[in-house]
Amino acid sequence: MNDIVDLLETRAREQPDRLLLAWEPFEGPAREWTRGAFLDDVRRVAGGLARRGVRPGDRVLLHANNCPEFLLTWFACAWRGAVCVVLNPKSASDELAFFADHTGAVGIVTQRGLPGTPPSLHSGAHHLRWQIVIDADDADHAHDADDADHADDAAHAIGFESLHDAPIERARLDSLAPGSMMFTSGTSSRPKAVVWSRANALWAAQLCAAGIGLLSSDIVLIPLPLYHVVGLAWSVLPALQAGAAIVLQPRFSASRFWPMALARRCTFAPHVQFTSAALFRQPVPPAHHFRLWCNSVWLPDHERHFRVPILGWWGMTELVAPGILGRANRPVAPGAIGLVAPGYAARMADSHSMSLAPGEVGELEILGERGRTLFAGYFNDEDANAAAFTADGWFRTGDRMKVHADGSIQFLERARDVIKCGGEGVSPAEVERVVRAVPGVADVSVVGRADGAMGEVAVAFVVPADPNAATEALSRAIDAACRAQLAGFKVPREIRFLASLPLVGINKVAKGQLRRLAARTDTDTDTDTSTGTGTGTGTSSTGTGTGTGTGSGTDTSTGTSSTGTGSGCGTRTVTDDRDRDLPARAKGGPA
């Protein structure tokens with residue numbers, strides 16, 4: 001068995017009538033696929049791709065939330081030998097245009113109602129020739145898929161059913177050939193395209209299934225997004241490897257998790273801290289069928305609360321599979337993750353060692369095999385590839401870790417500046433690029449601030465070009481630009497204005513100082529050197545601030561707002577827009 005297509009074929013051949021996938025939408029009827037039926041649909045969708053001119057090695061964008069068509073498209077690309085470029089469905093239009101241009105994709109499979117609009121066909125620097133809309137009604141718009149005059153018109157959207165064509169034979173490619181891509185947020189101003197080989201996907205399936213002990217009798221509940229490494233590579237692919245059944249939900253819902261788990265008698269579920277924290281506030285059924293969960297950290301109180309053994313796992317898109325993994329029947333230090341997973345070696349940067357030692361703290365580096373146990377590389381980005389690895393071939397994770405006396409590893413912080421918002425990665429440099437382009441902005445720095453609901457949220461510290469100008473209009477312009485060009489979860493929750501950014505060393509922004517400022521509450525004493533913004537609507541509450549300085553302003557966002565007044569400070573502004581992916585706040589900030 002050399003690649004992920006071999007695995008799909010093998011499982012279908014072994015037991016074609018056994019359940020592989022159950023789709024449980026929040027509205028509408030459930031649907032099921034046996035292994036044989038799923039493979040048949042994959043072959044037919046691959047035939048539809050071939051009829052649209054997709055050749056081995058071509059890139060196809062996949063821009064969708066969880067649904068069966070997501071998995072059919074991903075596997076059909078693998079069957080055809082094409083490279084499936086998995087995109088976050090929250091991406092803004094500007095981001096989608098960049099993804100299309102950067103990858104040179106020939107087509108896109110998308111959905112209606114997503115925040116961003118895919119670029120028009122046959123225009124711009126990209127090579128998009130066709131577009132399929134998963135939830136379009138083929139009966140109403142039965143245009144041929146080759147009709148480019150209508151394929152990019154929402155009124156004539158071509159539905160997914162039109163991709164079903166005569167089944168084709170699989171492409172026979174080298175296992176190290178590119179098979180899929182995922183964009184990951186880093187410290188660059190644009191996301192990087194992480195390339196997985198066809199062997200990478202098989203490695204993820206095999207390591208996870210064996211490492212966490214999945215069984216063929218397991219029923220795996222997957223509410224996590226498939227466009228993330230945890231949902232796809234750490235959940236779907238291991239279930240296929242183990243021969244388990246998959247129950248797929250559109251997204252995570254705390255109120256729907258337990259009813260579905262009970263109805264389908266689910267035995268395993270992947271989690272991130274965001275989902276388990278949400279469930280921790282929900283009642284746990286008196287009896288359930290779960291025998292195992294995985295989460296990003298081992299929390300004994302969660303095991304007791306949910307009455308489920310929990311294994312820790314940690315990794316990143318570049319690692320393909322978890323690089324740190326818990327072990328059954330081997331508890332680790334509370335708050336730790338687990339041990340280095342089989343197939344990897346780990347060390348701390350600058351340690352001059354080939355392994356980890358108890359008590360060590362530092363930035364973790366991972367050794368693996370490129371294209372098999374580590375990603376193949378960043379697509380068309382040699383500078384990023386060079387920066388990602390040490391001279392002797394170790395991958396720089398950018399994460400600071402601590403090794404406990406028992407050898408278990410605990411995550412401490414991100415050495416890089418990526419903000420983790422509700423499980424999503426936000427690159428500060430990407431947000432800064434958008435804000436810096438707004439007229440009237442002289443400089444900007446974006447940092448994360450702890451948030452009880454989302455984990456972290458982005459806070460933008462902005463230096464106005466005119467220090468004497470009112471900031472109301474500028475704050476509105478910044479917020480509008482971010483909402484137009486970025487996914488909702490990347491939009492800063494707060495915009496604070498400073499006379500200048502604090503610096504350390506040779507003109508390096510002191511982000512640690514900005515994080516401390518971002519963490520300060522409205523009741524903290526600070527000095528306000530600029531004006532707040534906006535005219536908030538919604539439910540308001542008023543409080544008293546203690547800041548000093550000059551300026552006034554009102555709140556610009558919609559939702560629940562709180563207004564504070566302080567000595568010489570005028571109106572301090574904070575908003576909480578709960579109806580969006582991530583609310584935006586505008587605030588006169590401390591100097």
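Author: Gly-440 lies in the loop between α12 and β23 (441-451); helices (H or I, at least four residues) and strands (E, at least two) are DSSP runs, numbered from the N terminus. The model is a predicted one, in which local features need pLDDT of at least 70 and side-chain atom pairs count only at pLDDT 80 or more, whereas totals for chains, interfaces and linings use all residues. Residues are numbered from 1 along each chain as its sequence is written, and side-chain values use heavy atoms, with hydrogens and water left out.

Gly-440 is partly exposed because its relative accessible area is 36%; buried means under 20%, exposed over 50%, and partly exposed in between, with a 1.4 Å probe and protein chains only. Apart from its neighbours within four places in sequence, Gly-440 is in contact (heavy atoms within 4.5 Å) with Val-463, Pro-464, Ala-465 and Leu-474. Ala-465 is 25 residues from Gly-440 in sequence, and their C-alpha atoms are 5.1 Å apart. Between the C-alpha atoms of Gly-440 and Ala-469, which are 29 residues apart along the chain, the separation is 9.4 Å. Ala-469 belongs to the loop between β24 (455-464) and α13, and with a relative accessible area of 32% Ala-469 is partly exposed as well.

The two helices named so far also meet. The axes of α12 (residues 428-436) and α13 (residues 472-485) come within 9 Å and cross at roughly 125 degrees; axes are lines fitted to C-alpha atoms, for helices over the stretch in contact, and angles run from 0 to 180 degrees between N-to-C directions. Helix α12 is therefore oblique to α13: angles under 35 degrees count as roughly parallel, over 145 as roughly antiparallel, 65 to 115 as roughly perpendicular and the rest as oblique. Arg-433, Val-434 and Val-435 of α12 make the contact with Ile-478, Ala-481, Cys-482 and Gln-485 of α13. By class, the residues of this contact are 5 nonpolar, 1 polar and 1 charged; Ala, Val, Leu, Ile, Met, Phe, Trp, Tyr, Cys and Pro count as nonpolar, Asp, Glu, Lys and Arg as charged, and the others, Gly among them, as polar.

A further helix pair is formed by α1 (residues 4-14) and α3 (residues 68-80), whose axes come within 9 Å and cross at roughly 110 degrees. These two helices are therefore roughly perpendicular to each other. On α1 the contact involves Ile-4, Val-5, Leu-8 and Glu-9, and on α3 it involves Trp-74, Phe-75, Ala-78 and Trp-79. The contact of α1 with α3 has 7 nonpolar, no polar and 1 charged residues.

Two asparagines in other loops concern the backbone. Most residues other than glycine have a negative phi. Asn-329, although not a glycine, has a positive phi of about 65 degrees; Asn-329 is in the loop between β14 (324-325) and β15 (339-340) and is exposed at 83% relative accessibility. Asn-380 likewise has a positive phi, of about 50 degrees. Asn-380 lies in the loop between β18 (377-378) and α11 (382-388), and its relative accessible area of 58% makes it exposed.

As to the whole, the protein has 14 helices and 32 strands. Of its 591 residues, 57% count as buried. Among contacts with a separation of 6 or more, 62% come from residues 24 or more positions apart.
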